[in-house]
Amino acid sequence: MKPLTINFRSKAAQTIGDEQVQNSLEHVYTGFYQGRINAASDTPNWEELRTKGKAIKDHTIAHLDHYLDMFSEKVEQSGGTVFFADNAEEARQYITELAKDRDIETVIKSKSMVSEEMSLAENMNDSGFETIETDLGEYIIQLAGETPYHLIAPAVHKSRKDVAELLDEDFTDGDRVPDATELTMLAREQLRDVFARADMSVTGVNFAVAESGSIVLVTNEGNGRMSTSVPRIHVAVMGMEKIVPSIQDLSTMLRILIRSATGQRISTYVTMVNGPKTPDEEEGPEEFHVVIMNNGRLKLLKDPLLRESLNCIRCGACLNACPVYRKVGGHAYGWVYPGPIGAIVTPVITGLKDATNLPAASSLCGACHEACPVKINIPRMLLELRHKTAEGLSDPDERTSKFVERAIWKTWRIGMMGRGRFDWGARLAYLFMRPFSINGWIKKAPPPISGWTVSRDFPLIAGKSLKYRLKHRHKKEI
Ligand code: SF4
């Protein structure tokens, strides 16, 4: 998927003005956000679990090469093949060549954000393979020709009517829009045939267990289980950070992932895959391949200040908690990963130059940090990226704007460092502002000042300080 991060402002404005999408985004709060809060309060040792989850991820990321080696060895011992791809292009090429070599016609896909990084379905369709998404949300957005809107709910922005029209334009009956069950049954009917004729599947990986060489998928629709058992070739694609050391660690991670993502105690399906089928097994794929992708993750690993973002387990809780995401929606972020975590990962992977708006798209309220099951300090990293942005500005207009901003803050700092200076500054500002309708005037200020002033009010500064007024009122009272 080509990054369109540069369009953040226009896309955000478009979403804010779209009443239907705003209504759909409400469900992110009432559904997922509230679900997580309830699930956390029903789990007695929730904070302990979060601390344990963070410790597991910190340890694994610090020893990533060791656990990746252990995992690859185990997969190969069980008859699977592991391919390390440095970037999306290499991963895509491996999968496409494999499909060509095995005379594949139909490929089914189960939900995977890593495959979105490589625009896999689109590219495989262009290469002549029939490639169909089987997760309901992904299927809907594939029909719409769009990209996912949310990490766990790719079509959350679509209304029931939109979905009905995408599945079958004759499906709505006058004003009556089919309910969710009817829509699901229609999609199920359409997908059954595809499952039956597919000879290759590509799935994501929620966790990869180093000690056993297992991959683990968490789904609610059963498409993951069908994808891993029906076609004769199964390819699992994962980012290199998806490793956990042991089955015991997996149990902790599953508990915090599922509760944080959907508010469930356990999802409908948790599927573990250990290599291709053995001679005494009747079901399962004949071939099992795991593609482990870097695609910029090593850059994050090398950066001590941003490395923590590799702890992300893609639960989506930070999106649901974020007041900015809930207004601007997923497409404004312009690449695969939206929301607060996307605002960190996207600039590093796709390049900070065109993505400077993303780290700025946060009120730094800390709701994402509070919601994150592995306690990732997202606000700290956003500030770090803002700092990097300010340091590396190349556009002369932006440089001037930063220069003006710095000068204003410097003056402010000097004024705030002494009581007398502060009082004099406030008095001068009052005398300067009083003759004008300052609010109206300042709103018409030219760039770069308008970047700050267009959406802010400037009420008249008080002529006398609070301290002065209190002192004199006290005197009067005596
Ligand atoms: S940063 Fe935390 S809350 Fe956000 S998706 Fe990742 S694990 Fe979930």
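**Entry 1: α2 against α12**

I began with two helices: α2 (residues 19-41) and α12 pack at an angle of about 140°, with their axes 6 Å apart. Axes here are lines fitted to C-alpha atoms, for helices over the stretch in contact, and angles run from 0 to 180 degrees between N-to-C directions. I call the pair oblique, therefore; angles under 35 degrees count as roughly parallel, over 145 as roughly antiparallel, 65 to 115 as roughly perpendicular and the rest as oblique. Helices (H or I, at least four residues) and strands (E, at least two) are DSSP runs, numbered from the N terminus.

I noted that this is a predicted model, where local features need pLDDT of at least 70, side-chain atom pairs count only at pLDDT 80 or more, and totals for chains, interfaces and linings use all residues. Numbering starts from 1 along each chain as its sequence is written, and side-chain values use heavy atoms, with hydrogens and water left out.

Which residues of α2 and α12 meet? From α2 I found Phe32, Arg36 and Ala39, and from α12 Arg259, Ser260, Ala261 and Thr262; contact means heavy atoms within 4.5 Å. I sorted this contact into three nonpolar, two polar and two charged residues. For the classes, Ala, Val, Leu, Ile, Met, Phe, Trp, Tyr, Cys and Pro count as nonpolar, Asp, Glu, Lys and Arg as charged, and the others, Gly among them, as polar.

**Entry 2: the four-stranded sheet**

Next I traced an open sheet of four strands, ordered β8-β5-β6-β9, with mixed pairing. Two strands pair if DSSP finds at least two bridges between them. At its edges I found β8 (243-244) and β9 (269-273), each pairing on one side only. β5 (residues 207-209) and β8 run parallel, joined by two bridges, and alanine 208 stands opposite isoleucine 243 in β8. Helix α12 (residues 247-262) turned up again here: it packs on the sheet, touching β5, β6 (214-219), β8 and β9, and its direction makes about 170° with that of β5.

**Entry 3: the six-stranded sheet**

I then followed six strands in an open, parallel sheet, in the order β1-β10-β7-β4-β2-β3. β1 (81-85) and β3 (130-133) have a single partner strand each, so one side of each is left without a neighbour in the sheet. The twist averages 20° from one strand to the next. Four bridges link β2 (residues 106-109) and β3 in the parallel sense; lysine 109 has glutamate 133 in β3 as its bridge partner. Helix α4 (residues 64-77) lies across β1, β7 (233-239) and β10 (287-293), at about 145° to β1.
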